[in-house]
Amino acid sequence: MSTDKMELIIGDKNYSSWSLRPWLVMMEFGFPFDEINIALRKPDTKTKILEHSPSGWVPTLVHGSTKVWDSLAILEYLAELAPEKNLWPSGKQVRAKARSVSAEMHSGFAALRNEMPMDILSRIDDVNPSEACVSDIERIIALWSECFESTPSTGSFLFGAFTIADAMFAPVATRFKTYGVELTTEASEYCEQIMSMPAMNRWCAEARKELQN
């Protein structure tokens with residue numbers, strides 16, 4: 001792995017679901033990096049992000065002369081950078097499924113994103129989700145179940161051990177908790193597994209500090 005310093009530019013920890021994904025992977029798999037936090041929803045937010053990211057969005061990974069400015073692209077870059085860390089599950093078929101569910105999360109579930117935005121520290125129980133949002137929730141729960149059933153391995157994550165696929169769904173676990181979404185026992189236990197990760201606990205604690213400042 002290159003010895004160039006890595007910098008991860010992220011937004012507010014309470015709200016930035018896209019930032020959470022690569023941060024969680026980098027923490028869980030031991031990638032050394034410096035963290036640059038940019039407050040969102042401020043008059044100068046865009047200007048500050050553009051100092052690091054050509055897209056004007058977070059997250060962005062800077063590694064030497066390389067810039068990667070999309071969450072899933074960052075995760076793929078990290079997987080190529082350190083294949084020995086097994087960021088994706090082993091086995092071509094299982095890996096293909098993990099990539100498929102990750103890509104579906106990356107590009108889909110617009111109703112869930114719009115109606116239940118990530119707000120880790122809040123507890124909101126008066127949301128009346130649309131049919132589209134309910135459909136998104138049902139699809140996610142079904143996806144998780146399919147992953148568990150198709151992976152004959154030990155562990156509490158989608159493909160046994162923690163992988164990129166779990167990081168892609170980590171913000172969903174926070175949403176389900178924030179909005180009190182009724183889940184199957186299996187889905188509920190999976191969300192608790194995500195939320196109990198030490199790195200996730202650290203993210204939530206730092207989100208609380210950010211809001212207090």
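Predicted model: local features only at pLDDT ≥ 70, side-chain atom pairs only at ≥ 80, totals over all residues.
Guide: Residues are numbered from 1 along each chain as its sequence is written, and side-chain values use heavy atoms, with hydrogens and water left out.

Visitor: What makes strand 3 and strand 4 a pair?

Guide: Two strands pair if DSSP finds at least two bridges between them, and strand 3 and strand 4 (residues 66-68) have three bridges in the antiparallel sense; V62, for instance, stands opposite K67 in strand 4. Strands here are DSSP runs of E with at least two residues, helices are runs of H or I with at least four, and both are numbered from the N terminus. The two strands form a hairpin with two residues between them, and G64 in the turn has a positive phi of about 65°.

Visitor: Which strands stand at the edges, and why?

Guide: The open sheet of four strands has the order 2-1-3-4, with mixed pairing. Strand 2 (34-37) and strand 4 each have a single partner strand, so one side of each is left without a neighbour in the sheet. Four bridges join strand 1 to strand 2, which run parallel, with I36 in strand 2 as the bridge partner of I9; strand 1 and strand 3 pair in the antiparallel sense, also over four bridges, with H63 as the partner of M6.

Visitor: How do you know that both faces of strand 3 are covered?

Guide: Buried means under 20% relative accessible area, exposed means over 50%, and partly exposed lies in between (1.4 Å probe, protein chains only). In strand 3 (residues 60-63), T60 and V62 on one side and L61 and H63 on the other are all buried, and both faces are covered. Helix 3 lies across strand 1, strand 3 and strand 4, running at about 35° to strand 3, where axes are lines fitted to C-alpha atoms, for helices over the stretch in contact (heavy atoms within 4.5 Å), and angles run from 0 to 180 degrees between N-to-C directions.

Visitor: Why is the contact between E104 and R139 called a salt bridge?

Guide: A salt bridge is a side-chain nitrogen of Lys or Arg within 4 Å of a carboxyl oxygen of Asp or Glu, and the side chains of E104 and R139 meet at 2.9 Å, N to O, so the pair qualifies. E104 lies in helix 4 and R139 in helix 6 (residues 131-150), so the pair ties together parts that are 35 residues apart in sequence. At 26%, E104 is partly exposed, and R139 is partly exposed at 32%.

Visitor: Which residues are linked with K13 in a network?

Guide: K13, E35, R202, E206 and E210 are linked in a network of salt bridges, and the structure holds ten salt bridges.
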